[in-house]
Structure formats: structure tokens, C-alpha cells
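We will go stop by stop, with a note on what to select at each one.

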Amino acid sequence: MSAPHVIVIGAGSTGAATAYDLSLRGVRVTVVERGEIASGTTGRNHCLLHSGGRYCVNDRESAAECLVENQALRRIMPELLELNGGLFVALTEEDLAFKERFLEGCAACGIPAREISAKQALRLEPRLNPGVLAAVQVPDGVFEPFRLCLALLASARQNGAVVRTFTLVTGLIFSGHSVDAVNVHDYRTGKDEHIGADLVINAAGPWAGAVAAMAGVSVPVVPTAGVMVTVGQRLTKMVINRLNKPADGDIVVPQRETSIIGTTSWKVESADAIPIPQDHVQRMLQTGDRLIPGIAGIKLRGVAAAARPLISKASGADMRNASRTFECFDHATEGAGSFLTIAGGKTTTALAMAEKISTMACQRLGITATCRTRELPLASHRAYYGRLGVAS
Amino acid sequence: MAHSAYSPRRQVWKWFNPLGRGLGMWAYVLNRVTGLALVLYLYLHLAVLSLLSHGPSSWDGFISLARSRAFLALDVILIAAVLIHGLNGKRVTLLGLGIGMRVQKQLFLALMAIALLGVVVTATKIYGWW
Amino acid sequence: MRVPLRVFRARPGQSAHRDLFVVEVPEAAYVLDAVELAWAHLDRSLMFRHACHHGSCGSCAVRIQGREKLPCITLVKDVWHGKGELRIDPLSNFPLVGDLVVDVGGLFDRLSASEMAITHAVGPGMAPAGERPEGMEQLTRFQTCIECGICVSACPTMATNPHFFGPAALAAVHSARIDDGDPERGRRLLHVVDTEHGIWRCHGAWECSEVCPQGNEPAWRIMDLRRAALGSMARGG
């Protein structure tokens, strides 16, 4: 009996990790992506391999997940990471007061956290605000989302997956009450095609709602945009976070010889070509400058906006503090069988998201193989475009 | 090792387009153009020399043409080509051996200044301005 | 400002044309923002690559006004001054996939062959100043080269020799030899490029160093490899 065929919609970190996970379980996978790999939200993310510290006070579920996945990614793709750690720095009395809750949270989630004095912090990072009062060192890392996705998809292709970029899903086709095919438009050839599938997984990030609508169902995804400001100089070795509750512009991520300040948060109707509010850019430079004085004076390298695929628990909720965990939806309950959606989450937890949705999919398909994505080293990211050529 | 080929088309015209490019590319294009010009000149030179085998009158006929002011201009152009190609060639040799890489642009400008000086001096001598 | 984009459109085997897209962008917009707007609001069939939008992934490389650049870190106002059009074309010297998208398989094959790891250990004097964090034996950094292919597009030798190893991959071999420090591997890698289509095929146009958005200086690295090769030959290696 031939392997079941699953179509994964979206080649961001969620789709790429899902394709990889399924391919390792013996599923035949076709990934369909309307643009370039990671050209949606994933490509523009902050590049922070979270230690989990950011969520350990308010969102312990996310924090614990982050730590596990942080360690897994270090095992399977050590070459794709800058591993120089991170600091949470206290600049005010309020930050200092937060420190105890922070250390408690780290301990509760199993995050290795080391408290250091202001003097030690300045010896580690001389460009820090000289008014720093205390700091906590955590195992933050820095990655490149594009290369992460290339590595996942190269690995998936080595296990038989097919990746079709510049191919837009135009419709989900039903047979009875189940989705059994996908209509696509291939921009390379200009042709429309009909691709049959035993199951379809919607991993379209902030566009998951639009895709789900094609099956007449809905997912509670609220595209929540954020601005990243990159300056052309690397001022610190480590990731610098503000020691307080998550707020706008409280992280500076160094990468190569640049520094990325982020981020803000506002709801958008569409995640396509989000206009960048200039006041957000100024705000990032200001908050960044509080952490690392002088960063605001460095020439801008790039400014970008992308939408997080947040799941709304209640309408009108303050999305800044909405949970960053993810959820799987089986639309059979809504009359669309063989159609699943994975929404929410963050790139750091891509493997966990993939495991959950892949397990759900395999249960529907009668496959008993379990997740092995954390055990095997990933293929080189260069193997995606090289040797195998441009997909399909 | 069999790598997939880059471009499937050979685009020779790209050897000769320095517009919008750096000084290094201008030097490259100049070297190719002067090189081709010198090869062409060599053939013309040999063709002219073969006139010697046709007796004094054809040779004298050529010499009187060669003394005209218009033709002398071609000689100046020839000297320019030799100086540009030769001096830049020295630069290419040095760079190819890993010498002077940090100053490749300055080297080009300095050598072309010398070439220009050489052309001016030669023109002066040829036209008897001084 | 209203910017007229003149964008290359074609599919393999078909004749090319250039479409005009007039988009309204803020003063501080980058060229990639303008292209993305044209795609989002005017023509969804426009094929273009992009991911990080801050010049680290290398995927968006194109030719802007005829010159290779990363549109994500190139301001519109730096390449268009209110008159005429803003021309966008795909990279040269790569097979065309569609519009601004080219097949970079050859580049990545050669980069793999160079054995340059995409991250490397930070040597003394490389890190921003300060002590090393406790528990960290080695600090790491992504390579200077972002694998964008801009140098390959600008190279006149690549235009006529599809087997040339190319500036990106040759520079990568140079970096790999430095990063590793292992003399045996260094000798082996040098051997890989000390060939007719390797370091000796370069004609010193220096355009790769001129256009590299990262300042990786491939031309210097190629000539430095020649110096190493000659030295090795002189020693009878």
C-alpha cells in the first residue's frame, strides 16, 4: 500500500517543520507555498532562539516549551546558530523588583539562569547602559529563519517530500464532507492544477484564516504585526533583554555585524505588505538606546514589519500579552474532514508545533510512527537549492 | 565535480560593459579593448610590411600616406593602446600574485596617469609641437 | 512619493518584457517595500524572492538600475531621485526561473564544495569588546558571506564560463581555510580550487569586491589563494 499523501500549505517554520516531521514518519508530503521559502512571517522574525526567560513569569507554558526546543535545535542544527547567550538587564528599581519573580520563573521552568552584578554585566558588555543595576544571564541564541527553513525542507526532501514554491492555493476541494484535493495556481507556468491528498494541513501563519475560509471553516488567528529595526553595527556579543514584563522594543538581538531592535504590536487586517509606522521605528530606536546607549545613532540597515499568527482567546484581548503557544484544529468537527490547521506559536517551537500536528495527522491516517525530528541532525541548508536544484 | 551550470547562455558582451561598474571593471574592459586593438594592429602591420615584397613604388606610396597628419593620429592611438595595455598589464600581474590588492584602484589611476603623460609626450614628438 | 518601478517579467523560454508599476511609498521606504507593494496591490503573479528584510538571508538579491544590490537594505531615495524609472532586473549569470527569481542551485553546490561552515568561532579581536560570558568556551558568529550571489552576477568571467567556480565559492574556500586552521584540510581545499576553472580563471575585474553588500572582498581572497597556491608550489607541495 503506498504511503498516504499530505499537502502542507505554507513554507514558513511551521510548514517546513511539519513537512520534515511527516516525511520522517513515512508520509508522502507536498508543501505548497505562494512565495519564496519563509517569505511570510518567519523570514522577518527577530532571530531570537528563546531561552524562555521572556515568558517565564507570565506564560510558563510557552517558557518551558521554548527551553526544550532551544536545546533540541542546538542538537540538530548547531551550525545554524550563534550561541553567545543573553542577558536580562535591570535599569530601574521596578526592574530590580521584577528580578525575584524572574529568577523564580526561570527556576520553575528549568531555565538555567545566572544572576550577575552590574559590574560583571558591564565587563561582559561594555556598551550596556552604564546605569545597569543587575543582570541575569540565560541561554539565548541567535538563528537565521530563512536558513532554518531551508535546512528543514532540505531534510524533508531527502525523505521524499516535494516543495512547490510560487504556487498559490486557490481552493480546497471536497469529496462528501472531507477535503480530498487542493486547487493551485503555479506562478512559474501560469497553469492551474488539481492535487489530490489524503489530508491537508493549513500552516499558513497569519493567513491561516483565509485558507481555512476556503473550506468554509474558521480559525481564531489574529494577525498581529510588529516592527523590527536593524542597525548596521554589532554592539554586543549577547542578546540583550529588558528585565521586566514583555513590552515594546525591549530586546536587541545581535547577528553577524548588525543589531536588531524589536518589537511592537498592533492588529492588522491583512498580513500582506504591512505599512510600517514611522513612530514605531523611532520608538524602537529610543528603547534600544536605553539598553545600549548610542545604538540610535548608528545608520539604519533595514526596517521590516511582519504579522505574528496569534490565537485570540477572547475578542478584544490585549494581544501583547496573549499566549504565544499554539493550537491544532481538526475541522472534521466543523464539517471539513481531512483538514487540519496548526496556528499560533513561534519559530523557536517549530518542532513542537510540527510534532503535535503531525501526530494528529498520523492518527487520522492510521500511521503509528512517532516523532524523530529532535533525534537526527538536519541536512545542510545549502542542500535545498543545491544538488536537488530548484524544487519541482 | 559536476555542478549544475550557472547561466546557460554565454554573454560575451558582458566583457565590454563597464557602465555603472567600479574602476577594476573599467580596467578590465580597457585591457580587453586595447588587447583586441593591438591584435588587429599586428595583422595590419604585417599586411603593410608585405607591401615590401611588391617593390619600392607600393612601399613609397604607403609611406607618403603614413606621414599624413590623419594617419599620425592613428599612431598616437596605437601608442595609447600599448601604454594602457602594458601598464595595466603590470597591475594585473602584481594583483594576480597578491601584491598591491588594497590599492588596486589607486594603482590603476596612477598607471593611467603615466599612460596619459606618455601619450601627450609622444603626440608632442610626433607632431613636432616642441 | 510615487515611484515608477520598471520590473523585468519573463518565464523561461518566453521573450521578456518590462512592466511598469507605479506605487506610493513613504520617504523612508526600501526598494523591497516598493516591490512588495506592487506585488500585493497590482500584480500577484510577480515572482520575487525575499525573507529576512535586513540583509542576512541573501535571498532578495536583484539588479537595481542595472547594479547588483540587496533591495531590502537599499533605500528607494538612494537609487531613484524623482526622474525616470526605477529599474529592477534579476541577477545575471543564473538561469531564470521567473521574473526576478533565478535558480541559485549552482551557487549553493559550489558553496557546499567549499566546505565553509555558515557559522564560525569568533577569534580574538573579532567580538565586540568585553569578557567572555561564563560557561562559554567559544563565541560563534555567522559568516560574513550571506550567499546572495551578487558577486556571481557582477563577474564578467561568470558571464561566459559556466564552469568557473565563481567569486562566492572561491571566497568561501578562503574563509574555510582560515576558520579551520587545520593545515591538512587547508591543503586539500587549496587543491580543489588550484585548477583551470578555479582561482586561475579569474581575470581580476574586481567587480565582485565592488558589489559585495557585506564587504567580504572575494577578489582579494581569490588573489590570496593564488599566493598560497604559488607558495605551496614553490615549496614543492
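## First stop: a strand residue in chain C

Select C:Phe8, which lies in strand β1 of chain C; strands here are DSSP runs (E, at least two residues) and helices are DSSP runs (H or I, at least four), numbered from the N terminus. This is a predicted model, in which local features need pLDDT of at least 70 and side-chain atom pairs count only at pLDDT 80 or more, while totals for chains, interfaces and linings use all residues. Residues are numbered from 1 along each chain as its sequence is written, chains are lettered from A and ligands numbered from 1 in the order in which they are written, and side-chain values use heavy atoms, with hydrogens and water left out.

Is C:Phe8 buried or exposed? At 14% relative accessibility C:Phe8 counts as buried, where buried means under 20% relative accessible area, exposed over 50% and partly exposed in between (1.4 Å probe, protein chains only).

Contact means heavy atoms within 4.5 Å. Setting aside neighbours within four places in sequence, the contacts of C:Phe8 include C:His17, C:Ile88, C:Pro90, C:Leu96 and C:Leu100.

## Second stop: a covered helix in chain C

Next, select residues 31-41 of chain C, helix α1. How many of the 11 residues of this helix are buried? The count is 10, and the helix is mostly covered. Among the buried residues of α1(C) are C:Val31, C:Leu32, C:Asp33, C:Glu36 and C:Trp39. To see what they pack against, show β1 (2-9), β2 (17-24), β3, α2 (76-79) and β5 (86-89) of chain C.

Stay in chain C and pick C:Gln65, in the loop between β3 (62-64) and β4 (67-69). C:Gln65 has a positive phi of about 55 degrees although it is not a glycine. Most residues other than glycine have a negative phi, and most peptide bonds are trans. C:Gln65 counts as partly exposed, at 27% relative accessibility.

Along the principal axes, the C-alpha atoms of chain C fill a box of roughly 60 × 50 × 25 Å. Of the 237 residues in chain C, 62% are buried. Among contacts in chain C between residues at least 6 apart in sequence, 58% join residues at least 24 apart.

Select residues 69-96 (α3) and 104-127 (α4) of chain B. These two helices pack at an angle of about 155 degrees, with their axes 9 Å apart; axes are lines fitted to C-alpha atoms, for helices over the stretch in contact, and angles run from 0 to 180 degrees between N-to-C directions. α3(B) and α4(B) are therefore roughly antiparallel. Angles under 35 degrees count as roughly parallel, over 145 as roughly antiparallel, 65 to 115 as roughly perpendicular and the rest as oblique. The residues of this contact divide into 20 nonpolar, 4 polar and 3 charged.

To see the meeting point, show B:Leu23, B:Gly24, B:Ala27 and B:Leu30 in α1(B) with B:Gln104, B:Lys105, B:Phe108 and B:Leu109 in α4(B).

## Last stop: chain A

Which residues does the cis peptide bond join? Select A:Gly262 and A:Thr263, where omega is about -15 degrees. A:Thr263 lies in the loop between β17 (258-262) and β18 (266-267) of chain A.

Move to A:Ala38, in the loop between β2 (28-32) and β3 (48-49) of chain A. A:Ala38 is not a glycine but has a positive phi of about 60 degrees, and A:Ala38 is buried, with a relative accessible area of 1%.

Then pick A:Ala108 in helix α3 (residues 93-109) of chain A. A:Ala108 is exposed, at 52% relative accessible area.

Finally, colour by chain. Of the 2 pairs of chains in contact, A and C share the most contacts, whereas chains A and B do not touch, and their nearest C-alpha atoms are 8 Å apart.

Conventions
Ala, Val, Leu, Ile, Met, Phe, Trp, Tyr, Cys and Pro count as nonpolar, Asp, Glu, Lys and Arg as charged, and the others, Gly among them, as polar.
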